[in-house]
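Here are my notes on this one, point by point. Have a look at the model first, then read on.

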Amino acid sequence: MAIHKLHWDEFDEIDYQLIAIHSPLEDYRLAYYINQNLPINLKKSNCNIQISSKEGDTQFTRFIFEDEKKDISWNLIQNQNAVFVASPTGNQGLFAESSAKFSTKIYLIPEFKKVDYFLKIENAEAVLDVSKITNCIKKIDRVSTVYTVEVEKIKSKNNLIF
């Protein structure tokens, strides 16, 4: 019987590109415009990304495209979402219901709080030219900035595992 050893370094390997997008567009509109400018077909996923933090639990919407010919997975993920938290003061009175909850923002990648969306491209190390992709996304109206993110420098990489 052969023994196969797994080395810890095999699991630490990053096999995806991450593109940051700054845009005030709604997620479905941005996915539509990306589909128009790139040869992909992003569709809303039924599986949202759930994050738990000390502020509360929230879900981030996700649009996905699986390119089976090239074995590439495209994910458009929102970076920020609001969570409603019950107010610590138990006000009883006329405005108790309206002041009972307040909103706080939770970020998928807290190091990039100003980024609105991330485009995660998996298994595309040598197949795609990321600079061409960023240039195509920059052409979309109401997209202010697009750039690649160095994944090695992100502290919260575990949030990108889905």
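1. Start with helix α1 (residues 27-37), which lies across β1 (16-22), β5, β6 and β9 (117-122) and runs at about 145° to β6. Contact here means heavy atoms within 4.5 Å. The axes are lines fitted to C-alpha atoms, for helices over the stretch in contact, with angles from 0 to 180 degrees between N-to-C directions. Helices (H or I, at least four residues) and strands (E, at least two) are DSSP runs, numbered from the N terminus.

2. A word on provenance: this is a predicted model, with local features needing pLDDT of at least 70 and side-chain atom pairs counting only at pLDDT 80 or more, while totals for chains, interfaces and linings use all residues. Residues are numbered from 1 along each chain as its sequence is written, and side-chain values use heavy atoms, leaving out hydrogens and water.

3. Now the sheet. It is open, with six strands in the order β2-β5-β6-β9-β1-β10 and antiparallel pairing. At the edges sit β2 and β10 (145-149), each pairing on one side only. To pair, two strands need at least two bridges between them as found by DSSP.

4. What are the neighbours of β5 up to? Strand β2 (residues 43-44) is joined to β5 by two bridges, the two running antiparallel, and Lys44 has Phe63 in β5 as its bridge partner. With strand β6 (residues 72-78), β5 pairs over six bridges, again in the antiparallel sense; there, Arg62 stands opposite Ile77. The hairpin of β5 and β6 has four residues between the strands, and Asp71 takes a positive phi near 60° in it.

5. Why is strand β5 (residues 62-67) largely enclosed by the rest of the structure? Because five of its six residues are buried. Buried is under 20% relative accessible area, exposed is over 50%, and partly exposed is in between (1.4 Å probe, protein chains only).

6. How many salt bridges are there? Taking a side-chain nitrogen of Lys or Arg within 4 Å of a carboxyl oxygen of Asp or Glu, the count is two. In one, Lys120 meets Glu122 with the closest N and O atoms 4.0 Å apart, and both Lys120 and Glu122 are buried. In the other, Glu150 and Lys153 have their closest N and O atoms 3.4 Å apart. Glu150 is at 47% relative accessibility, so it counts as partly exposed, and Lys153, at 63%, counts as exposed.
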